[in-house]
Amino acid sequence: MHSVFRVVASTFLVAAICLQPESADAQSERLQVHGFLSQGMGQSGDLGVAGVGPEATWDYRTAALQFGYQISDTERFVLQLGHRRLAHSPLSDALDDVFVDWGFVQSRYGSVTFRAGKVPMPRGIFNETRDVGTLLPFYRAPLSFYTEGIETIDGITSGRMISLGDSWQLDATAFLGSWSFVQVQAEQAEHDEHGASSLVTDTRAQRALGGQVWLETPIYGLRFGFGGQRFAMENEGLTGFFGAVHGHGEEEGAEEEEEEAEEGTQPGSLWQASLDGNFDRFTVRGEYQVFALEEITYYAGYGQVGFRFADRLSAHVQAELSRVRAADEDGDLEFKHTRDLAAALNFKLSPAMLLKIEGHLQNGHAFDTYIDPTGPSASGKYFITSIAVAF
Amino acid sequence: MKRIILTVAALGLFAAQRLEAQEFQVVVNAGASLTEISRGDLSKIFQKKKNKLPSGESANPVDLGTGAAVRESFSQAVHGRSANQIAAYWQQQIFSGRGVPPEEKASDDEVIAYVSSTPGAIGYVSAGASLGSGVKTLEVSD
């Protein structure tokens, strides 16, 4: 409750500072307010996924309110407050009811734009809009690719659009700063009488330097992207999933290594390639990424196809695949993290409101219940019905 | 008979083209120095990919409200896509924090009042709208 009060009070304080002694009309023209909400109802089979459990739940929601203040013709301040509920996921307890999604100042100098603060990280197709339900065919962006955290960068970004002639355009952004790597893990069953206990860790990636480039083609809606970054991942807090995989040797040896690993940082990298085809009648999208630390590499990719077969009705299918490779003195361990096949129907209730019905078949080790990564995969399914609105 | 049908069809097609050409008119503040603008520049200004008029003045685009028939005509003719597609573009821009859409006005009269009182303002109204002294029309070239 205190944190909510602090956030709200801070918001009004910032707004009061930004507002100059102008007429009310002039101030209202400078201040823009936008927002979105996705409210879902989800239910899974025996194995829960991302907070959706065997008992149907309505405690599944994402919302945000964005305040933008045009300081001058070239400068703008943006503050976005967010709210998320993820039912049975431990993230629901870890998140404040209201938190700061972004807070940054943007300055434009000719064709170059700078941002400083807590800035949405330019990464792939959906990273900056991963929770905006009206822009997504499913409740969320592909979860194996757009994992928790890695959403915003605390630092600076610089972007420029370059015309290459004949309607080709390059949109390039570089960034420098740090970001959070959130892991939601399921520990061994003995910690929880329901067969699962989860751990939420938030590790910082420091000294992140990277960028994202989009090549816009003369075909409206078709673009190709590539991006990547290098960073120093703090070892403290890098436990749970990475700890379970890292310690798959003898228990004593794994404990010693874990103690050593908790100190300092380790080098890491994250690279992704994207194809985004967003046309009037259909969409075709695909992305692939490689997330690597010293001894663990996480590979994830997805393909997504959608078709609008009536003015308000569209259908979408999606396949996600992710796997993990770990290397230590016991040799390589590689296992399938997730394979998710999904289908959705979208119905546009109004220009600002979308109804979605989706189903997922999931196989692998990424369930809310702990599945030993060295053992066989498990299978499960879940469904979400949701309404998304944006203004 | 065949000749009559072909003539009527040709006249109809001509009428349709004339109608399309006259569905909207682009207006700019009367103090602006330019008299024409390319379709490409006009599209970029309304998508805020360009923030200056060809004459070098800061551009201040203003849209008609969503659902207006004239807006759909403008969107198809200038952007080459539907108003819904442009709305999706703006949602992407807003919720990635990159920018916000142009000012929206509910009627031709409000657009004209805004353009006439705002330096650098550029908008569009229905073809038959009465303009007044504070605005002038722009030729749109390919």
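The model is predicted, so local features need pLDDT of at least 70, side-chain atom pairs count only at pLDDT 80 or more, and totals for chains, interfaces and linings use all residues. Residues are numbered from 1 along each chain as its sequence is written, chains are lettered from A in the order in which they are written, and side-chain values use heavy atoms, leaving out hydrogens and water.

**Where the chains meet**

- Chain B brings 17 residues into contact with 26 residues of chain A (contact means heavy atoms within 4.5 Å).
- About 2000 Å² is buried between chain B and chain A, with carbon and sulfur atoms giving 46% (buried area is the accessible area, with a 1.4 Å probe, that two parts lose on being put together, summed over both).
- Gln91(B), Phe95(B) and Arg98(B) supply 33% of the area that chain B buries against chain A, more than any other three residues.
- The rule finds 2 salt bridges across this interface (a side-chain nitrogen of Lys or Arg within 4 Å of a carboxyl oxygen of Asp or Glu).
- Arg98(B) also forms a salt bridge with Asp171(A), at 3.9 Å from N to O.

**A nonpolar patch on chain A**

- A nonpolar surface patch of about 830 Å² includes Phe224(A), Phe282(A), Val305(A) and Ile357(A) (its residues have over 30% relative accessible area and no salt bridge, with nonpolar side chains joined within 5 Å).
- Ile357(A) lies in strand E15, residues 353-364 of chain A (strands are DSSP runs of at least two residues, numbered from the N terminus).
- Ile357(A) counts as partly exposed because its relative accessibility is 47% (partly exposed lies between buried, under 20%, and exposed, over 50%, with a 1.4 Å probe and protein chains only).

Note on methods: Patch = residues over 30% accessible without salt bridge, like charges linked within 9 Å, V, L, I, M, F, W, Y side chains within 5 Å. Areas by Shrake-Rupley, 256 points an atom, 1.4 Å probe, with all protein chains shown as cover. Helix = DSSP H or I, 4+ residues; strand = E, 2+ residues; numbered from the N terminus.
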